[in-house]
Amino acid sequence: MARDHGGNLDAAIRRFGGVALDWIDLSTGINRVPYPVPHVPPQAWQALPTRTDMDLLRSVAARAYATRAEVVPLAGAQAAIQAVPFLAAPGTARVLTPTYNEHAACLRAFGWTVEEVATPDALHGADLAVVVTPNNPDGRVVDTNAVAALSEQVGLLVVDESFGDATPDACIAPDLHRLRDNVVVLRSFGKFYGLAGLRLGFALATGPLAERLKAMAGPWPVSGPAIEIACTALADTGWQAETVARLDHDCAAMDALAMARGWPLVGGCPLFRTYAVPDAVAAQDRLAQAHVWSRVFPYSATWLRLGLPGSDEWPMVEAALR
């Protein structure tokens, strides 16, 4: 599968014109109402993060994700995906698809034989299995009980919860300490908090797997400013609750706009919606002419994914969808 991604706004600009400020990029599923960045003290820019800084980040993240597992900060969930192929000797990996294509691509690039399967049961027996829940792009959720059972049927289980912040009850992170120590959970900071440029994410694990991840991460895997901002945001339960409520409202609004166009909902989560359209590329082109960028997929001619607009972006998106 090609390693295509959302966020390729530069390609849209080259084809359809304008400059970045003219566009609304809904191709990524990143929250477009970001957390208000607090003051970052000069020391965070000038000095390497200390052990105390890193311990504080791990502690705040563990509370935010309600987990007793070890928390390993990394430069985005993508950095964790890049580390996964080295957590075990290469063998047969199975990835529950369709999903974010970097999982399969990274495993293949580093010697794993990758099989893409359509059901959780088909993951059984794999040396390494990957489940993304909530899934990108169709929002599929694998029940936490099913995830726990799956951990007994595979060698290493990778559970990508990058889009899980708004639906914590559907996440396995709080139960990770009860499972075998063959499970690693991936969490993204940038998506829900709308600060993807900060490049911060976490791998959650227990036992020797956690120790191996920490050794691979090294002493300074994330920046001082990232630590400062994340420690404030991850502890801000008021902003988190307000954001979940807004996203739920905005999902309903986007679904209503799509329904008016005759686009049924394929699925989604509180950060993006995927619709069935007659011709996904044609629909993307029509929206792009109004400088709204969306996401299409190489494996589907009819799936179109849209993130949710920021508060002042709705009129432009509504006009484009009409």
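Biologist: Which residues is glutamine 284 in contact with, leaving aside its neighbours within four places in sequence?

Modeller: Contact means heavy atoms within 4.5 Å. On that basis, glutamine 284 is in contact with Trp293, Ser294, Arg295, Val296 and Leu304. The model is a predicted one, in which local features need pLDDT of at least 70 and side-chain atom pairs count only at pLDDT 80 or more, while totals for chains, interfaces and linings use all residues. Residues are numbered from 1 along each chain as its sequence is written, and side-chain values use heavy atoms, with hydrogens and water left out.

Biologist: Is glutamine 284 buried or exposed?

Modeller: Buried means under 20% relative accessible area, exposed over 50%, and partly exposed in between (1.4 Å probe, protein chains only). Glutamine 284 has a relative accessible area of 8% and is therefore buried. This residue is found in helix α11 (residues 280-289); helices are DSSP runs of H or I with at least four residues, strands are runs of E with at least two, and both are numbered from the N terminus.

Biologist: How does glutamate 228 count in terms of accessibility?

Modeller: Glutamate 228 counts as partly exposed because its relative accessibility is 33%. It is found in helix α9 (residues 224-234), and, not counting residues up to four places away in sequence, it touches Val40, Pro41 and Ala44.

Biologist: In what order do the strands of the sheet stand?

Modeller: Two strands pair if DSSP finds at least two bridges between them. Here 7 strands form an open sheet of mixed pairing, ordered β2-β8-β7-β6-β5-β3-β4. The edges are β2 (70-74) and β4 (113-117), each with a single partner strand, so one side of each has no neighbour in the sheet. Within the sheet, β5 (residues 128-132) and β6 (residues 156-160) run parallel and are joined by 5 bridges; valine 132 stands opposite aspartate 160 in β6.

Biologist: How is a pair of packed helices described?

Modeller: Two packed helices are described by the angle between their axes and the distance between the axes. Axes are lines fitted to C-alpha atoms, for helices over the stretch in contact, and angles run from 0 to 180 degrees between N-to-C directions. The axes of α10 (residues 237-260) and α12 (residues 314-321) come within 10 Å and cross at roughly 25 degrees.

Biologist: Which residues of α10 and α12 meet?

Modeller: Asp250, Ala253, Met254 and Leu257 in α10 meet Trp314, Val317, Glu318 and Leu321 in α12.
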